[in-house]
2 protein chains.
Amino acid sequence: MLERVETGNAAAGGAASSTGAAAPVVGPIARRPLHEEAVDRLRSAIVQGELAPGIRLNERVLSERLGISRTPLREAVKLLATEGLVELLPNRGAIVAPVDAERLAQTLAVMGALEALIGELACAQASESDIAAIRALHYEMMAAHARRDLAAYFAHNQAIHLALVEAGGNAVLAHTYRQLNANVRRVRYMANLSPARWDAAVREHEEILAALTARDGVRLKALLSDHLAHKTAAVLAALQDGAAREAA
Amino acid sequence: MLERVETGNAAAGGAASSTGAAAPVVGPIARRPLHEEAVDRLRSAIVQGELAPGIRLNERVLSERLGISRTPLREAVKLLATEGLVELLPNRGAIVAPVDAERLAQTLAVMGALEALIGELACAQASESDIAAIRALHYEMMAAHARRDLAAYFAHNQAIHLALVEAGGNAVLAHTYRQLNANVRRVRYMANLSPARWDAAVREHEEILAALTARDGVRLKALLSDHLAHKTAAVLAALQDGAAREAA
DNA sequence: TCTCCTGATTTTGTATGCAGAATACAAAAA
DNA sequence: TTTTTGTATTCTGCATACAAAATCAGGAGA
């Protein structure tokens, strides 16, 4: 967990050896900044619960683990703080942000407001190949569901929702959505959903795909909103549940 | 412009000398981190156009001007990059993000989606004193309009919209809204609005206040959406205008 | 035993140093 | 004159050094 970074920036284009084929001449591989690497690393560690809510992020320890110095690490931590994944304690460093039901509910409410725009834009702007890609993801997700493979299901589910927002062609919307979503995913990983809710979610996805295919924006908006509302209920319930179990 | 920081963190509460009066004991004033100071400084400099779009942010120069070292400054710049106010060029530092009509339109679309939630929450959650405060701001704005004092008008206008979103009690929503808004404000500063649009905006604000007072969420939602749509049109038009004038 | 102080240690926040990349400049070639 | 190539300088990205704040350990006193 949290392996060293090993500056994996090896020449992406590789030696375009041999014949001077119509190779696009790769271009000089911009090395990825370490702070970005650190952001990604830490974000996924937090989202996947590898770094539990509330634990302190000791700079020295983390910088050793990631194999980078404190400077880019601190930059990364501050970025994650704006995403709400970590909390900055003045003069006392940072902790992984505790999961707060109130805040989570607020986040989901904002995402709900965005769903309307997402549905509208997706229907209006998605290319046929965008839709085809989403359909492919949908069936892969169905397969995961049939297999009761929760991890794969989540992964494809995420991919679908991201593809939907991307298809709308509004980069700001996509960025905002992603950022909010990070906090929700964290809880998702913690909470298994009930079989009933799982089945219902899959049915909802069927309808979502149908509406998108028909490019029925009004309907897609409504479906996405409902879908999120159900998800909200499930997530908050799971959270309550977890808290209760904790207390026992 | 961009005066040194002078660590204005002087004991905020001042010496709580003399009698142990019921002073709220200020607490040992947590010194404000320099990177935060830098963020605020740079953000307002950019929003107010003091740092023009496209110009390079030379680290050495900036750190000297602000009187802080490069480390916290770099942290600040990276934070502003996530807000979209600056653009990071790998190995070549950062520039003030160019104003891009496309991106601005996308930002405004997202804000539009949020307006619905803002209106709903404000009507449902605002306290009477919240509403009173907004009303006070409203009249101050009206005064500024009567005086044709554009700067004061903008300031109060901003304050009203922020108060509205704050009154809803959803901190995540407020945070998201603020962030998106920074990019719009920048253009606002650049573009004077036409007298006709100004008058119309004021009338819209009258209706907004009325709907809030009546706690008519449905109506407030619609009004805020329309208001933003008009603003969007005005802002984009002003932007076109500016570009055209530039070309001439 | 508990509380409160005091000094040592850890940890953060900030500044500075260093290597490599990018740019600017100047001379040579076309 | 224009383009190209080699060199010097500037700047960024990262690491490290240093100072201030916080935490911890131990002991004195109640």
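Buried area is the accessible area, found with a 1.4 Å probe, that two parts lose on being put together, summed over both. Keep that in mind for the first view, and remember throughout that this is a predicted model.

**Figure 1. Chain A and chain B side by side.** Put together, chain A and chain B bury about 2,300 Å² between them. Of that area, 67% sits on carbon and sulfur atoms. Chain A brings 23 residues to the contact, and chain B brings 23 residues too.

Figure 2. Side chains of opposite charge can pair when their charged atoms come close. How many salt bridges cross the interface of chain A and chain B? The rule finds four there, and over all chains the count comes to 33. Look for Arg74(A) and Glu75(B), which form a salt bridge with their closest N and O atoms 3.4 Å apart. Arg74(A) belongs to helix H3 of chain A and Glu75(B) to helix H3 of chain B, so this pair joins two chains.

**Figure 3. The side of chain A that touches chain B.** H4(A) gives the most, with eight residues. Sorted by class, the residues on this side of chain A are 10 nonpolar, nine polar and four charged.

**Figure 4. What surrounds DNA strand C.** There are 20 residues around DNA strand C, and the nearest are Arg60(A), Arg70(A), Leu34(B), Ser69(B) and Arg92(B). Among the atoms of DNA strand C that come within 4 Å of the protein, sugar and phosphate account for 69%. Both chains have a hand in the surface near DNA strand C: strand E1 (56-57), helix H2 (59-66) and H3 of chain A, along with H3 of chain B, each supply at least two residues. Which element gives the most to the surface near DNA strand C? That is H3(B), with three residues. By class, this surface near DNA strand C has five nonpolar, six polar and nine charged residues.

Figure 5. Start with Arg60(A), which has a polar side-chain atom 2.8 Å from a phosphate oxygen of DNA strand C. Arg74(A) also points you to the phosphates, with a polar side-chain atom 2.9 Å from a phosphate oxygen of DNA strand C. What does Arg70(A) have 2.8 Å from a polar side-chain atom? It is a base nitrogen of DNA strand C.

**Figure 6. What surrounds DNA strand D.** Here 21 residues surround DNA strand D, and Leu34(A), Ser69(A), Arg92(A), Arg60(B) and Arg74(B) are the closest. Sugar and phosphate make up 71% of the atoms of DNA strand D that come within 4 Å of the protein. H3 of chain A, plus strand E1 (56-57), helix H2 (59-66) and helix H3 (70-82) of chain B, each supply at least two residues of the surface near DNA strand D. The largest share of it, three residues, comes from H3(A). Split by class, the surface near DNA strand D has six nonpolar, six polar and nine charged residues.

**Figure 7. Chain B side chains at DNA strand D.** Arg74(B) has a polar side-chain atom 2.8 Å from a phosphate oxygen of DNA strand D. For Asn58(B), a polar side-chain atom lies 3.1 Å from a phosphate oxygen of DNA strand D. Arg70(B) reaches a base instead: an N or O atom in its side chain is 2.9 Å from a base nitrogen of DNA strand D.

Conventions. Residues are numbered from 1 along each chain as its sequence is written. Chains are lettered from A and ligands numbered from 1 in the order in which they are written. This is a predicted model: local features need pLDDT of at least 70, side-chain atom pairs count only at pLDDT 80 or more; totals for chains, interfaces and linings use all residues. Side-chain values use heavy atoms; hydrogens and water are left out. Contact means heavy atoms within 4.5 Å. A salt bridge is a side-chain nitrogen of Lys or Arg within 4 Å of a carboxyl oxygen of Asp or Glu. Helices (H or I, at least four residues) and strands (E, at least two) are DSSP runs, numbered from the N terminus. Ala, Val, Leu, Ile, Met, Phe, Trp, Tyr, Cys and Pro count as nonpolar, Asp, Glu, Lys and Arg as charged, and the others, Gly among them, as polar. A residue is near a molecule or strand if one of its heavy atoms lies within 4 Å of it. A polar contact is a pair of N or O atoms within 3.5 Å; within protein, one must be able to donate a hydrogen and the other to accept it, and residues adjacent in sequence count only if both atoms are side-chain atoms.
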